[in-house]
Amino acid sequence: CFGLWKSVLRLLLAYTYDHLTTAGEPTCESHWSVVKVCATLSWLEVHDSLEQVVVSFYRRVCVYPLYRHIGLAQRCVKDVAMVLQTGLTAVLRCLLVLKHILDHSEWVYLLSKLYLDPYLVWLQTGLGSAFGAGLVPDDILHQLGSELLGVLGRASRFAIGLPLREAEST
């Protein structure tokens, strides 16, 4: 179950990056930037921990898109933690907007069908017998948001494996 949540987190981080860089109005390049900063969509990458999810997102934000700034990546992590702590409705809303962005692309719509659609069904129908009654309890999302904020406090901007010190000094 935790592996599914890490993939949802990567999707939410990519959505938040696009939302912040486009002021909430997706552009014709939004699908490209979402795919590039989301390790799930671009490389089918699997992470073992939340720290690896955050570090991978930091690296991708500092390498691929037009707006490359570690502060922007940290803001995205904070915003995703806030979305998670808000509850299931906020998570579903973000994923539905992301689905709309990806569905209106010539080639990325396939990723939407393969990844986003099953996650949306999973979140709306619940986890079956794992929680019993149906929808994902908000306290699980709140806990995940708190853990993500804890990772943000531990993840160093210089621990991502990029020469940021040299780049900032020039």
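**A friendly note on the salt bridges, core and helices**

1. Salt bridges with shared partners link K99, D103, K113 and D117 into one network.

2. A word on the source: this is a predicted model, in which local features need pLDDT of at least 70 and side-chain atom pairs count only at pLDDT 80 or more, while totals for chains, interfaces and linings use all residues. Residues are numbered from 1 along each chain as its sequence is written, and side-chain values use heavy atoms, with hydrogens and water left out. Helices (H or I, at least four residues) are DSSP runs numbered from the N terminus.

3. The salt bridges number five by this rule. One of them joins R154 to E51, at 2.4 Å between the closest N and O atoms. R154 sits in helix 8 and E51 in helix 4, so this pair ties together parts that are 103 residues apart in sequence. R154 is exposed at 55% relative accessibility, and E51 is partly exposed at 32%.

4. Helix 5 holds R75 and D79, four residues apart, about one turn of the helix. Their side chains meet in a salt bridge of 3.2 Å, N to O. R75 is partly exposed at 45%, whereas D79 is buried at 14%.

5. The largest nonpolar core has 54 residues, of which F57, Y58, L84, V91 and L95 touch the most other members. Such a core is a set of buried Ala, Val, Leu, Ile, Met, Phe, Trp, Tyr and Cys residues joined through side-chain atoms within 4.5 Å. Beyond neighbours within four places in sequence, F57 has contacts (heavy atoms within 4.5 Å) with L13, A14, Y17, V37, A73, C76 and V77.

6. Finally, is R60 buried or exposed? R60, in helix 4 (residues 50-63), is buried at 11% relative accessibility. Not counting residues up to four places away in sequence, R60 touches K36, V37, C38, A39, S42, W43, E45 and P65.

Technical notes. Helices (H or I, at least four residues) and strands (E, at least two) are DSSP runs, numbered from the N terminus. Buried means under 20% relative accessible area, exposed over 50%, partly exposed in between (1.4 Å probe, protein chains only). A salt bridge is a side-chain nitrogen of Lys or Arg within 4 Å of a carboxyl oxygen of Asp or Glu.
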